[in-house]
Amino acid sequence: MNPVSHAQLDWDDQGRPHSRVFDDVYFSDKSGLEETRYVFLEQNRLQERFAALPVGGRLVIGETGFGTGLNFLCAWQLFEQHAVPGARLHFVSVEKYPLSHADLQRALALWPELAPFAEQLLAQYIAIHQGFQRLVLDNGRVTLTLLIGDALEQLPQLDAQVDAWFLDGFAPAKNPDMWTAELFAELARLAAPGSTISTFTSTGWVRRLINGAGFKMKRTPGIGHKWEILRGEFLGWPTETPAPAATKPWFARPPAVAGERHALVIGGGLAGCATAASLAARGWRVSLLERHAALAQEASGNPQGVLYLKLSAHGTALSQLILSGFGHTRRLLEHLQRGVDWDGCGVLQLAFNAKEAERQAQLASAFAPDLLHLLDKEQAQARAGITLEQGGLFFPEGGWVHPPALCQWQARHPLIEVLQHHDALELKQVDGEWQALQGDTVLAQASVVVLAGAAEIKRFSFSADLPLKRIRGQITRLPQTAQSQALATVVCAEGYVAPPRLGEHTLGASFDFKSDDLTPTVAEHVGNLEMLREISLDLLQRLGADSLAPEQLEGRAAFRCTSPDYLPIVGPLAEREMFDQTYAALSKDARHVPDAPCPWLHGLYINSGHGSRGLVTAPLCAELLAAWLDNEPLPLPRSVSEACHPNRFALRALIRGNPSKS
């Protein structure tokens with residue numbers, strides 16, 4: 001992975017930004033607004049297309065070169081003016097050199113009439129790092145998916161159908177990499193039938209290359225100092241060019257669910273509440289079933305969870321998911337009360353042995369310093385406010401979260417009905433509707449059901465063979481003291497300790513693979529205090545923890561739920577025996593791809609297996625699940641979505657020759 005660097009800008013005497021890397025302007029020196037509206041909005045007929053969207057309808061715009069976000073904001077403004085309230089706009093844009101927050105704010109200040117939209121964008125323009133970054137705006141009516149990195153690395157990973165393309169990299173002479181046959185082939189692969197396209201350039205070789213990808217381009221009069229520009233439509237994939245590889249049927253999108261957009265979500269923790277919120281934002285009515293008396297009563301009920309990233313320097317699927325999920329959750333937290341519901345105080349991961357120090361050095365060279373950077377012992381002590389034995393890796397945008405507050409905020413949507421004391425013990429599909437039953441009582445029914453109840457989803461026959469395991473974890477709650485208030489950041493080694501929330505520090509958490517008992521134990525309190533001693537003897541003494549009787553300590557235990565490959569399980573579910581029969585040929589030849597459609601359990605979806613990373617992964621996985629259901633652009637690279645797919649276990653078992661065993 002290559003660290004993403006921010007755009008390097010110079011500013012002219014009118015306050016307009018200029019790229020040092022490409023020696024080019026971001027927008028016209030005459031009128032950037034007029035040019036954007038004419039070249040991109042008018043040539044793609046967006047006003048009439050926005051006006052024609054029905055309630056529940058959606059238009060997807062794709063863009064090469066996000067830049068200052070001017071095109072996005074102009075499209076959003078036009079959408080706001082002409083689309084019905086129930087319609088949605090999804091904007092996908094690729095950007096190799098994103099502007100820093102300060103530079104974006106300075107650039108957008110040039111357009112006061114866009115201020116209501118720019119303010120919302122700037123409020124969410126946080127933790128914008130490498131890969132796919134999902135921003136939810138205007139209460140979910142507008143979605144912005146930024147692909148941060150090289151266009152020819154990012155676009156091939158995108159799974160979407162784009163209705164209109166804005167081709168807006170720097171000028172071909174300045175940035176030839178953005179005007180290649182390979183790039184235009186990606187635009188064609190992603191184009192919906194009848195997709196439109198426009199660009200400010202009229203260069204002949206650009207027009208011929210775009211035509212060669214399956215678009216029909218024509219020159220049209222320009223604006224300002226541009227004599228001509230190009231606009232066109234997608235006619236279809238060129239017959240003489242080999243077609244892109246089809247999605248394997250077990251990872252393809254299931255047919256859309258007909259009937260009322262009503263979903264049951266079973267489980268009121270982080271995964272369930274996030275799923276309910278993502279569906280409600282898209283106009284779904286959601287019945288959220290929770291077996292306890294309130295939301296977030298199990299693993300999501302800890303007083304403080306840590307928002308940090310356990311990454312790999314090698315760009316694994318898990319690492320990509322964590323990087324995208326961290327940014328998404330970090331932006332959601334802006335809606336909550338800082339200091340009570342969360343705090344972006346940063347997270348310090350101590351280099352507690354030589355192997356960890358080596359791992360941290362690799363990460364520091366693979367990622368940008370605004371995501372993570374190394375601190376020596378003195379710098380780490382200054383940051384943490386306490387005495388430490390080592391330096392470590394610091395995540396400045398990390399911090400702690402009170403998970404119940406996030407759950408409650410997400411479940412507050414008017415389309416979500418929370419049904420407490422509803423313990424679904426059985427699922428049945430009757431006349432195309434899923435029924436959740438407790439004995440003979442039908443608790444609720446809908447055309448879609450999402451199982452988001454951690455390992456409890458194994459109680460249902462349809463999902464019983466998913467390889468989820470429970471891991472007991474216990475946290476210890478320690479009252480803050482006058483001396484312990486000095487702790488200024490979350491500090492982690494084998495465990496973690498957080499700065500105080502409402503007069504208490506959270507310390508934890510133990511890992512126990514064997515116990516099924518959730519009664520807190522003295523032994524694990526002692527173990528947590530040992531972890532605290534390894535983090536900082538100074539903090540242990542500041543808390544007076546040596547003089548505390550372990551049997552009088554307070555805490556709570558809960559089950560995390562994880563999968564064998566440590567990736568969550570997210571997506572549509574297939575009928576297992578039919579799956580094994582349909583794809584039996586894979587047991588003899590793993591490279592064979594049968595074209596038989598997957599035997600989906602129509603309307604049954606999973607969002608589970610988040611382990612100890614639920615704060616980082618569950619909210620973005622809820623967006624992934626909603627994208628599966630609503631046929632939207634996926635918020636993660638296709639390879640990552642497939643790596644999280646429920647069918648991966650059945651597929652591996654078939655290939656290993658062990659069907660019906662995960």
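The model is predicted, so local features need pLDDT of at least 70, side-chain atom pairs count only at pLDDT 80 or more, and totals for chains, interfaces and linings use all residues. Residues are numbered from 1 along each chain as its sequence is written, and side-chain values use heavy atoms, with hydrogens and water left out.

**Annotated domains**
- UniProt, in an unreviewed entry, lists "domain: MnmC-like methyltransferase" at residues 112–232; UniProt positions follow the numbering used here, feature names are shortened, and annotations may be inferred rather than shown by experiment.
- Residues 112–232 come out at 27% helix and 34% strand, where helices (H or I, at least four residues) and strands (E, at least two) are DSSP runs, numbered from the N terminus.
- The end C-alpha atoms of residues 112–232 sit 32 Å apart.
- The unreviewed UniProt entry also gives "domain: FAD dependent oxidoreductase" for residues 263–628.
- Over residues 263–628 the chain is 27% helix and 27% strand, with end C-alpha atoms 14 Å apart.

**The sheet**
- An open sheet of 6 strands runs in the order β20-β13-β12-β24-β31-β30, with mixed pairing; two strands pair if DSSP finds at least two bridges between them.
- β30 pairs with β31 (residues 600–608) in the antiparallel sense, over 5 bridges.
- Proline 572 has tyrosine 605, in β31, as its bridge partner.

**Helices on the sheet**
- Helix α9 (residues 270–281) packs on the sheet and touches β12 (262–266), β13 (285–289), β20, β24 (448–451) and β31; contact means heavy atoms within 4.5 Å.
- The direction of α9 makes about 170 degrees with that of β13; axes are lines fitted to C-alpha atoms, for helices over the stretch in contact, and angles run from 0 to 180 degrees between N-to-C directions.
- Helix α17 (residues 614–630) lies across β24, β30 and β31, running at about 170 degrees to β31.

**Cysteines**
- Cysteine 345 counts as buried at 15% relative accessibility, and cysteine 492 is buried with a relative accessible area of 4%; buried means under 20% relative accessible area, exposed over 50%, partly exposed in between (1.4 Å probe, protein chains only).
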